[in-house]
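Please open the model in a viewer and keep the selection panel at hand.

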Amino acid sequence: MAVLLALALAPGTAGAVGGDLCVPLPLEGWAVVGRWHVGSAARSAREGWWRPAFRARDWALVRAGGWLPAAPAGCWLRARFQFRRSSWQTVALDGRALPAGTRVHVNGVEVRWTDTTSGTPADLAGVVHAGENVLVLSLPPVAAKTLKAPEVSLTGHAAPSGAPRAASIGPPWRAKADQVETVLPAAWLKGRDVSAWRVALPRPLAVTDTWLPQAPVCVKAVLDLPPPWGGRRFSLFLHGLAGTPEVWLNGEPLTGPVKCPARIDLGRRLKFDGRDSLCLVYPAPPAGPGDDGSWGVAALFWDTSIRPLRLPAGASVLFDPGEWAGQEGVRRALRYASEAAEVSATPCAFTWGEAGVTPAMTSTGTGGPAGIVVAAWGATTYRPDELEATRAAIRARVAGFKQQGLRVWVMSPTTLGERPDTSRNERIRLYNRSLRDLAKGEGVRLITVYDVFYSSLRRMTTGPRYRRWPVRLPLTDDGGTLGPQGAFLLGLAILNEFAVP
């Protein structure tokens, strides 16, 4: 078997629930879901049986030659083994004795085989570590007294001699039959209790969540909204979700299978008691084709409509990205902005085009763009000695677009990383100030992305808001690459500047 070793990011464990929203954001009235708890009809998935930290004290002990328990929904086996890195030059996992369809996790990382070259073990060099390791097997359904405890081996070459070496893992095993509910219990869809759901994700489900078995699945977020927001008519905005989930609020269905983008009017169903539960329900884990869910976002807004935009209906807005602003996250932000305007209760349809490309005729029959967004981002590190050359380049770009009679917005950069008080963010702060002066001097508007992101980081890390709403949104990594929630916040910042004052 030729081997593909998948090193996908494993889902995290669910911490203490203090509300799964990031609120309040600096853009008034918006809250973004930052954590989802995964409840699968398969007990193994919602409790995270593949995780190294999971404790299987109540699992049956199966010794060598022993029969595995009957498991109509599949059988799980766990074993711990010691590994001395200095004794191995190379190390791999030989799973030829395992039944077809078995899934293997080593220290929480799934190891996948293909069937192209029979007998090739899986390289574990980047997975095992010195000391104790955990091997977890997920076997297909097992009938009573049909399968005995299997043996898996580490194979490779000894150090320093390079001689072939092997070491068996299991039996004995700790064994447990999976348990799959026929339907999702009603109690899962309401209240804040997720004590038995030990898996949490920073986003909704995606088709890459292949660790989920084929069983009904519910992902829940607890909505602990600020009580002063009570009495408003809220809307739920959904973007980029995988598949077509049902949407439930406090145990009641809001809509049948929904396709994104979508806005769902919540009316006054929210209770504002810290126990509001929002659930996305799937009959089985989502799969392609279509949007894979890796950019899925859910957000709440305290109105049914966003503010009116100063754009004509059907307008086309061009985007002129600098280097670093051409990343997928920025493109998603543009998409989120137009989608949110499109699904608002008073929709305003506009499209995005590329600068330098003639836009298509609009639905109103008037050709040409209504404006252009200049993303004033570059590969520069924003050192003081670089600012003047950068300003001159931006000024030249803006002047060219103004000569065409276009309305121009200049977009400032995002912050970098999770901390607002780094030297890199201080340099961007100075750059942002120079952009503000430039925009004022040129008579164009500034999309204050840096200010929005900096304020968000401050609210997520300091002050009373941090203590009450501890969930933090992963806006960007240290290199400035946007995550889904960061891209959505960027989209909101764009809409905020497009809006009528």
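Is Asn107 buried or exposed? Select Asn107: this residue is buried, with a relative accessible area of 15%, where buried denotes under 20% relative accessible area, exposed over 50% and partly exposed in between (1.4 Å probe, protein chains only). The model is predicted, so local features need pLDDT of at least 70 and side-chain atom pairs pLDDT 80 or more, while totals for chains, interfaces and linings use all residues. Residues are numbered from 1 along each chain as its sequence is written, and side-chain values use heavy atoms, without hydrogens or water.

Asn107 sits in the loop between strand S8 (103–106) and strand S9 (109–113); helices (H or I, at least four residues) and strands (E, at least two) are DSSP runs numbered from the N terminus. Its phi is near 55 degrees, positive although the residue is not glycine. Most residues other than glycine have a negative phi, and most peptide bonds are trans.

Next, select Phe272, in the loop between S20 and strand S21 (276–282). Phe272 has a phi near 60 degrees and is buried, at 16% relative accessible area.

Proceed to the bond joining Ala159 and Pro160, which is cis with omega about 5 degrees. Pro160 belongs to the loop between strand S12 (152–158) and strand S13 (164–169). A cis peptide bond also runs from Cys260 to Pro261, with omega near 0 degrees.

Finally, select helix H3 (residues 384–403) and helix H4 (residues 423–442), which pack at about 35 degrees with axes 11 Å apart. Axes are lines fitted to C-alpha atoms, for helices over the stretch in contact, and angles run from 0 to 180 degrees between N-to-C directions. Residues of H3 including Leu387 and Ile394 meet residues of H4, among them Tyr431 and Leu438, contact being heavy atoms within 4.5 Å.
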